[in-house]
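Hi,

Here is the structure I promised to pass on.

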Amino acid sequence: MKTRQALSVSFGPQPGFDPVEWVVAAGLTAYDDAVAEMEARAALIADGLARERVWLVEHPPLYTAGTSAKAADLVAPERFPVHASGRGGQYTYHGPGQRVAYVMLDLKRRDPDLRRFVAALEAWLIGALDAMNVRGERREDRVGVWVRRPEKRAGAEDKIAAIGIRVRRWVSFHGISLNVEPDLKHFDGIVPCGVSDQGVTSLVDLGLPVTMPEVDGVLRGEFERIFGPTVLA
């Protein structure tokens, strides 16, 4: 198993760029509404008419299919609504207790390098987990963040965070999801991200009794370290 070392990543804007709007949605956000809002906002950012934005939401239980999704990986198609998604990646689950952060950044004014952007998103998640005393790791062959689980079996590891992005006119949308306290049984209806030989975990499953607002504060602090200042919208 090959592990990439965590990098000290900076993906900040050019000088004079406005702070990123930081928005936390109340309640549960319908997935189709979220996609429509993201696409509209990304278009405004590309036209120079709106600030960049990070939008934190929770969704009702649902599955999404990325552009590389395989039909066989949808194990229980009737369990929850299934949404085709324009993001990269395969099948994933969203639901209550999972923090989804939709990241709408202008890569032209930062660095139009998709690999480096994904690495920055991974570093953001790993840094946030580290601040909560959880060791998250990258994998060369799998996007996302993983936690080793030797107590389960030799070589076992669980995914704690997923990444799936789309870029249009060099503005990103979609983003990351971090399992805080979702119902982990809900992941059983899919092969998460096409990985069948490893599991899924959450902060609470790892024995960390945190609340969503506490996680949001950690995410914001680590985002600012890598991507630059934010302002509450």
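Let's begin with a charged pair: Glu21 and Arg41 join side chains in a salt bridge, 2.8 Å from N to O. (A salt bridge here is a side-chain nitrogen of Lys or Arg within 4 Å of a carboxyl oxygen of Asp or Glu.) Glu21 sits in strand β1 and Arg41 in helix α1 (residues 31-46), so the pair ties together parts 20 residues apart in sequence. Helices (H or I, at least four residues) and strands (E, at least two) are DSSP runs, numbered from the N terminus. Both partners are buried, Glu21 at 16% relative accessible area and Arg41 at 11%. Buried means under 20%, exposed over 50%, partly exposed in between (1.4 Å probe, protein chains only).

Bear in mind that this is a predicted model, where local features need pLDDT of at least 70, side-chain atom pairs count only at pLDDT 80 or more, and totals for chains, interfaces and linings use all residues. Residues are numbered from 1 along each chain as its sequence is written, and side-chain values use heavy atoms, with hydrogens and water left out.

Arg149 is buried at 9% relative accessibility and forms a salt bridge with Glu151, with the closest N and O atoms 2.6 Å apart; Glu151 is exposed at 55%. Asp205 also bridges to Arg149, at 3.5 Å between the closest N and O atoms. That pair links distant parts of the chain, 56 residues apart, and Asp205 is partly exposed at 38%.

Elsewhere, Arg135, Glu137, Arg139, Arg148 and Glu157 are linked in a salt-bridge network. The total count is 22 salt bridges.

Cheers
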